Amino acid sequence: MNSLKKSIAVFFLAFGCFGVAHAILPIEKLDSFKGAKGFLVQTKTLPMVDIEISTDAGDRYDPVGKSGLADMVAGLMNYGVKGDQGLLSEAQIADEIADLGANIGLSVSGERAILRIRSLSRKDLRERAVKLAAAMLSSPTYDVKILQREKQRTITSLLEAETKPEFVLERRFTKSVYGDYPLGNTPTVKTIAAVSANDLMQFHKQFYRSDRMIVSIVGDVDRVQANEIMQTLLQKIPQSGAPIAKLPELQRSPVEPLAQREIQIPFDSQQAHIAMGMTAVTRSNPDYFPLLVGNYILGGGGFVSRLMTEVREKRGLAYSVFSYFAPGKDTGIFQAGLQTKGDQATTALEVMNSTIARFIADGPTPSELIAAKSNLVNGYPLRIDNNRKLLDNVSSIAWNNLPLDTMEIWTKQVEAVTLEQVTAAFQKYLAMDRMRIVVLGAQNK
Amino acid sequence: MRSNLLRISFLILLFTQMSWAASGDSADTHEFTLNNGLKLIIREDHRAPTVAHMVWYRAGSMDEVNGRTGVAHVLEHMMFKGTHQVKAGEFSRLVAAVGGRENAFTSRDYTAYFQQVEKSKLDEVIRLEADRMSNLNFDDAEFLKEIQVVMEERRLRTEDNPGSLLNESLMATAYMSSPYRHPVIGWMNDLQNMKAADARDWYRSWYAPNNATVVISGDVDPRQILAVVEKYYGAIATHDLPVRKPQIEPPQKGVKQSQVKAPADSAQLSMAWKVPRLEPGKLDDPEPYALELLTAVLDGYDNARLNRKLVKQEKVINDVGVSYDMISRGPELFLISASMAKGRTVAQAQASIHKALDELKQKGILESELKRIKVRILSDQIYKRDSIFGQAMEIGTTEMAGFSWRDIDYILEKMQSITPEQVQAVAKKYLVDEGLTIAVLDPQTRKSEVSKGDR
C-alpha cells in the first residue's frame with residue numbers, strides 16, 4: 001500500500017507547522033498570598049473546577065527511622081479536623097465530600113505532598129469543598145486512636161506487599177540507586193510502628209506552611225474567584241516557621257565493578273523481575289528535551305521503542321519492557337525494567353543491557369529521531385486536551401519553576417533537538433559502568 | 001434538545017440551581033449504519049483539537065469454545081502483526097508517526113481497538129483500522145513469538161498474582177456452564193496448545209463490519225467523518241457470523257466454596273452472589289438499578305457502610321471492595337472482596353459481613369444515604385465529560401451489551417427514581433445463600449521468603 005507509506009512523509013513535513021491552528025490556553029499567575037504562588041487556567045465549557053495544593057513536604061523529609069511519616073501526615077488529613085464550626089470527625093468529612101459531589105484526594109511523592117479537589121464550579125458547592133480542604137491542610141487533629149488503626153492497616157498492607165515480586169524489586173532498587181539519600185529509605189514495618197501522633201503534629205507544623213505551597217487551578221472560575229479560593233485555602237496556615245535543614249545532595253551513581261552494582265534476589269516466582277538504572281537529571285536541566293526525545297526512542301515510545309522491539313517483538317521475552325527518566329525539582333533517576341520467565345532472566349538482561357549500551361554509545365539513527373519528534377510534536381495536543389491533563393501540566397510547570405509559556409514552546413523545543421544533542425546528553429548523564437541492576441527470581445538453567 | 005441531566009437534577013435539592021444544560025447528549029451524538037452493517041456513533045466534543053477513534057467487535061472470551069480459551073485476546077495481539085499491505089509492527093509505527101496513542105483490550109464481552117490523535121490525523125487511523133478489519137495476514141513465525149508474549153502476560157497478571165488466581169477460581173466455581181467461567185486471558189494449557197490457525201479462524205469468524213461498532217468522539221464534523229468512514233470501512237464485505245448459543249447458567253442450588261493456596265501474607269475472602277443484570281428492552285426493571293445503588297451504599301465513599309463498620313469500627317478487615325456492573329452481555333455477580341486485618345480470621349470477617357448485610361436487610365437504608373449516592377452519580381455526569389476517551393468508552397461498552405447509547409441518560413434518570421425500599425428489597429432477595437459462592441485465599445509462605453523489613 002504505497003499510499004500509506006507516502007502519507008508518513010507528508011506528516012513528517014507537516015508537523016513543522018503544527019500548533020498555530022489552536023491557541024494553547026494561557027497560564028495566569030495569581031496574586032501571591034502569604035508567600036504562596038498561585039496559577040490559573042480558565043476553561044469555561046464544563047461547570048467544574050480542579051484545584052491542587054502542592055506542599056514541599058514529600059517523603060524526602062522523612063526522619064531517619066520514621067520512613068512513611070510524610071505519607072501519614074498527608075494521608076490522615078481527612079480523618080479529623082478542627083473546622084470553623086468545631087471538630088469534624090472522619091465520618092463527617094467523608095459525608096460532606098460525598099454530599100457536595102466533590103472529590104478530595106491526597107498523595108505524597110518523593111518531593112511533595114499533593115491535595116487535589118475536584119468540584120462542581122457552582123459557588124456554594126465549590127466554597128464548601130474549598131473550606132473543607134483548607135481545614136484539612138491547616139488543622140488536622142491526628143487522633144491517637146485513628147493513627148493506631150491506620151498504622152496497623154499500613155503495616156498489614158506492607159507485610160502483604162513484601163510477598164510481591166514487584167514490591168521487593170522496587171524497594172531494593174530504590175535503596176541501590178538512592179543509597180543514603182533520604183529517598184533510599186522506604187517504609188518498613190519497623191519505621192511505621194515508630195511513628196507517633198506527636199511526630200505527625202511536629203512534621204505538619206514544620207512543613208505545612210504557605211511559603212512551601214503552590215496552588216494550581218484549572219476550570220470554570222475567573223481570576224477573582226481563583227484568588228478567593230487561594231486565600232480561603234491558605235487563610236489559617238502559618239506563612240513561615242523554623243528553618244528546615246538542607247537536604248544532602250544526591251550523589252551521582254558511582255562507577256563500580258559489576259559485582260558491586262548488581263544484586264540478585266532469590267525469589268520463588270514464575271517470572272524474574274529486572275530493574276536497571278541510575279541517578280539522572282532535574283526537570284529544569286537544559287538537556288531535558290534531548291533526553292525526552294532520546295528516551296522515546298530507547299524505551300518510552302509504546303510499541304515502537306528499541307527495547308520493545310528487541311525484547312518483545314523480536315524475541316517474545318516479555319509482555320512489558322520500558323525505560324523512563326523521572327526528573328523533578330531535584331535530580332531524579334533513569335530506570336528501565338522488564339519481567340520474564342525465570343529461566344530467561346539472563347538472556348533478557350543481556351538484551352536489555354546491550355540495547356541500552358548501544359544506544360548510549362551510538363545514539364539514535366536519523367530516521368528514529370524524525371519518528372520520535374513526529375510522535376511527540378503531533379501528539380502534543382493529547383497531553384493538554386482536558387482539565388485534568390492541564391492541571392498536571394500547570395502543576396509540573398509551577399513546581400519545577402518552568403517558564404509560564406512552557407506549553408506554548410514545548411513542540412518547538414522538541415523540534416530543535418538534534419541527533420548530536422541526544423547522543424551527547426545520554427553520554428553525559430548515563431553510563432553502563434554506573435548502572436545499578438537488581439534481578440529478582442532468576443532461575444539458572 | 002433538552003438535557004436529561006437538567007431534568008433529573010430537580011430531584012436533588014442541592015442541584016436545583018444548575019443551569020449548564022446548553023447542549024444535551026442527543027444533540028451532539030450521531031448514529032449511522034453503513035450498508036454493510038457497520039454501526040458508527042459520533043460524539044462531538046469541541047473543547048480541544050483531539051479525537052478518540054475506537055472499533056468495538058462483539059466478540060469476547062464468552063464467545064470462545066473449550067480448548068481455545070484466550071483466543072479472543074491472542075487475536076487482539078495478532079492484529080498488530082501485519083495485513084496484506086502493512087507489514088508486522090508497521091501499524092504501530094504509522095500511528096506513532098502521527099502522534100497517536102493506541103492500544104487494544106479484550107473482555108468477556110468484546111474486543112476493542114483505539115487510537116487517540118490530533119484531529120487532522122483521524123483519516124489516517126481510520127484507514128489503518130479499516131484495513132485490518134478484513135486484510136489481516138500474519139505469518140506463523142510472528143504467532144510463535146507473540147504467543148510467548150501472551151504467556152508472559154499471563155504469568156505477570158495471573159500466575160504470580162494471588163488476587164487474580166483467587167478471582168479465576170471464584171469465576172470457575174460460581175459458573176458451571178456459562179463461558180464466563182473462563183479467564184479472558186485463557187488457561188495456560190490452552191495457550192500452550194494454541195495454533196496460528198486458531199487465531200486465524202477466530203478472525204475469519206468474528207471480524208466483520210456487521211459485528212463491529214465504530215465510536216468516534218472529539219473535535220469532528222460528523223458529516224465529514226461519515227464520508228471518511230464510508231470510504232474506508234464501507235468497502236468491507238459483510239459475512240455471516242457463527243451462531244451464538246445462549247449457554248444460560250443453570251440456577252444455583254446452594255453455597256459453593258473454593259480455596260486457593262498461594263504466596264501471600266493475609267487471607268483474602270471473596271463472596272459473590274448471582275444477581276440479575278439490566279436486560280435490553282427492559283429498562284424499567286428496578287432491580288439492577290437498586291443493586292447498583294446497593295453497591296454504593298456499601299462501598300461508594302469513605303464513610304460507606306462496610307468501610308465504616310468493618311474497617312474502621314470493628315477492624316476485622318483491612319480493605320474491602322464491592323462490585324457489580326449491571327451493563328454486560330453475560331450473567332452478573334454481586335461481589336464483596338476483603339483482605340483480613342492482622343490477627344483476624346476469614347470466619348470472623350465473613351460473620352461481620354453477614355451481620356452488616358442482615359442489618360441492612362432488616363432495617364433498610366436511610367433516605368440520606370441514598371441521596372448522597374445519587375448526588376455522586378449526578379456530579380459524575382459532569383466530570384465524565386472532561387475525558388473524550390471516557391465518553392467513547394461509555395458508549396462502546398453500553399452498545400456491546402446490547403443497549404443503545406441513547407439509553408445512557410434514561411438509565412441514569414431511572415437510577416434517580418429508586419427508593420430505599422427497593423434497595424432493601426434486592427438485598428433481601430438476592431444476597432442469600434442459594435446463589436452464594438465463597439472463595440478464600442489461604443496465604444502460604446514463599447519458599448524463598450525474604451526476611452521481613454528487608455531492603
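Mentor: Before we look at any domain, keep in mind that domain bounds come from an automatic or database domain assignment. What you see is a predicted model, in which local features need pLDDT of at least 70 and side-chain atom pairs count only at pLDDT 80 or more, while totals for chains, interfaces and linings use all residues. Residues are numbered from 1 along each chain as its sequence is written, and chains are lettered from A and ligands numbered from 1 in the order in which they are written. The term pLDDT stands for the predictor's confidence in each residue, on a scale from 0 to 100.

For chain A the mean pLDDT is 94, with 95% of its residues reaching 70 or more. Over residues 1–21 of chain A, however, pLDDT stays under 50, and the model has 23 contacts beyond four places in sequence for this stretch, where two residues count as in contact if their C-beta atoms, placed from the backbone, lie within 7 Å.

The assignment divides chain A into domain 1 (28–234) and domain 2 (258–440), and the centres of these two domains, taken over C-alpha atoms, are separated by 29 Å. Between them, 24 residues of domain 1 of chain A are in contact with 25 residues of domain 2 of chain A. On the side of domain 1 of chain A that touches domain 2 of chain A, the elements giving two or more residues are β2 (37–42), β3 (48–55), α6 (165–178) and β8 (213–219) of chain A; helices (H or I, at least four residues) and strands (E, at least two) are DSSP runs, numbered from the N terminus. Helix α6(A) gives the largest share of that side, eight residues. Sorted by class, this side of domain 1 of chain A has ten nonpolar, six polar and eight charged residues, where Ala, Val, Leu, Ile, Met, Phe, Trp, Tyr, Cys and Pro count as nonpolar, Asp, Glu, Lys and Arg as charged, and the others, Gly among them, as polar.

Now turn to chain B, whose assignment gives domain 1 (23–233) and domain 2 (256–444), with C-alpha centres that lie 28 Å apart. Here 31 residues of domain 1 of chain B are in contact with 29 residues of domain 2 of chain B. The elements that contribute two or more residues to the domain 1 side of this contact are β2 (39–44), β3 (50–57), β5, α6 (162–174) and β6 (212–218) of chain B. The largest share of that side, eight residues, comes from α6(B), and its residues divide into 14 nonpolar, eleven polar and six charged.

The chains also meet each other, in a contact that takes 63 residues from chain B and 69 residues from chain A. On the chain B side, the elements giving two or more residues are α3 (90–97), β5 (111–118), α5 (140–159), α11 (305–313) and α13 (367–383), and α5(B) has the largest share of that side, nine residues. By class, that side of chain B divides into 20 nonpolar, 16 polar and 27 charged residues.

Helix α11(B) deserves a moment, since its buried residues are Arg305(B), Leu306(B), Asn307(B), Leu310(B) and Lys312(B); a residue is buried if 20 or more other C-beta atoms lie within 10 Å of its own, exposed if 12 or fewer, and partly exposed in between, with C-beta atoms placed from the backbone. What covers these buried residues of α11(B) includes α5 (144–161) of chain A, together with α10 (286–299), β9 (317–323) and α12 (346–363) of chain B. Just after α11(B), Lys315(B) takes a positive phi of about 55 degrees.

Finally, consider the interior. Leaving aside neighbours within four places in sequence, Ala133(A) is in contact with Ile104(A), Leu115(A), Ile117(A) and Leu233(A). Buried residues make up 51% of the 445 residues in chain A, and 51% of the 455 residues in chain B.
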